[in-house]
Amino acid sequence: MSPNTASAYCSDIVLFLGSEEGLSSDKVTADDIIAYLSARTGYSKRSQARLLSALRSFFNYLVSERLVRENPCDSLDSPKIGRYLPEVLSVGEVERIMDSVQMNDVCGVRDRAILEVLYGCGLRVSEAAGLRISDIFIKEKFVRVIGKGDKQRLVPIGDMALEYICKYLDMRQEPYDKASEDILFLNRFGKRLSRISIFNMVKKQAVLAGIRKEISPHTFRHSFATHLIENGADLRAVQEMLGHESILTTEIYTHIEKSVWQKTVLAHHPRK
């Protein structure tokens with residue numbers, strides 16, 4: 001699993017085992033898990049499913065190590081998760097957020113470059129934060145991305161994103177140490193910019209742009225994919241660029257407006 005997934009699973013397990021005094025892993029029952037979930041009314045079905053997945057993996061490990069006799073999750077079914085339709089920005093809203101960045105210092109230019117990369121390449125926030133200078137192939141117009149499971153993929157990068165990356169590189173501060181030398185996006189101390197910093201920056205720019213939607217760095221990834229499909233991009237190509245293992249994951253981006261589908265069907269049907 002990716003480091004972020006492992007961290008989230010460990011956090012879920014620690015919170016669960018620490019939720020009741022004296023609750024030890026060898027005494028947990030299915031009823032304990034049900035009671036824990038029932039007491040947390042704010043948990044969405046997606047959060048409940050993640051907790052059960054974390055606990056199921058944890059107790060499978062304990063069973064394999066003969067530390068417990070059976071997995072208490074075996075008798076529990078994960079909640080059915082409905083099809084998730086992500087929040088998507090319009091092209092105009094994307095432009096408003098881009099234009100809201102004040103580029104009068106290195107941090108402003110860096111933030112604009114990050115936004116251009118998030119939207120121009122459809123990267124996850126962790127992928128953007130981990131980009132290296134050696135991953136940017138300016139002449140070839142490609143970016144090498146290290147995605148989930150340390151899998152590499154090449155993603156095309158447009159002129160706009162490259163323009164702001166080059167502007168940022170011209171004024172980028174000195175790296176803090178050798179480990180930071182090849183990291184593209186640095187904080188003011190010359191170290192790798194954190195995922196949280198990018199989250200906060202995106203939310204700040206959305207507010208400045210007057211966007212009322214619930215925005216995160218992932219919103220730009222959703223918008224990237226949706227806008228490509230709306231403009232006729234092949235679903236398989238979008239799958240490759242997003243780094244999805246299954247095309248079923250990519251299909252959530254086919255929730256484009258009915259009018260777009262209507263025009264496409266009417267334009268290409270042999271009996272139009």
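Residues are described here as buried when their relative accessible area is under 20%, as exposed when it is over 50%, and as partly exposed in between (1.4 Å probe, protein chains only). The model is predicted, and local features need pLDDT of at least 70, while side-chain atom pairs count only at pLDDT 80 or more and totals for chains, interfaces and linings use all residues. Residues are numbered from 1 along each chain as its sequence is written, and side-chain values use heavy atoms, with hydrogens and water left out.

Two residues other than glycine have positive phi values. For Arg 66, which is exposed with a relative accessible area of 77%, phi is near 60°, and the residue lies in the loop between helix H3 (45–64) and H4. Lys 141, with a phi of about 60°, is found in the loop between strand E1 (136–137) and strand E2 (142–146) and is partly exposed at 38%; helices (H or I, at least four residues) and strands (E, at least two) are DSSP runs, numbered from the N terminus.

In helix H4 (residues 91–99), the residues Glu 93, Val 94, Ile 97 and Met 98 are buried. Because these residues cover an arc of only 140° around the axis, they are on the same side of H4, the arc being that of the directions from the helix axis to the C-beta atoms. Among the elements that cover the buried residues of H4 are H5, helix H8 (195–208) and helix H9 (217–230).

How values were computed
Contact = heavy atoms within 4.5 Å.
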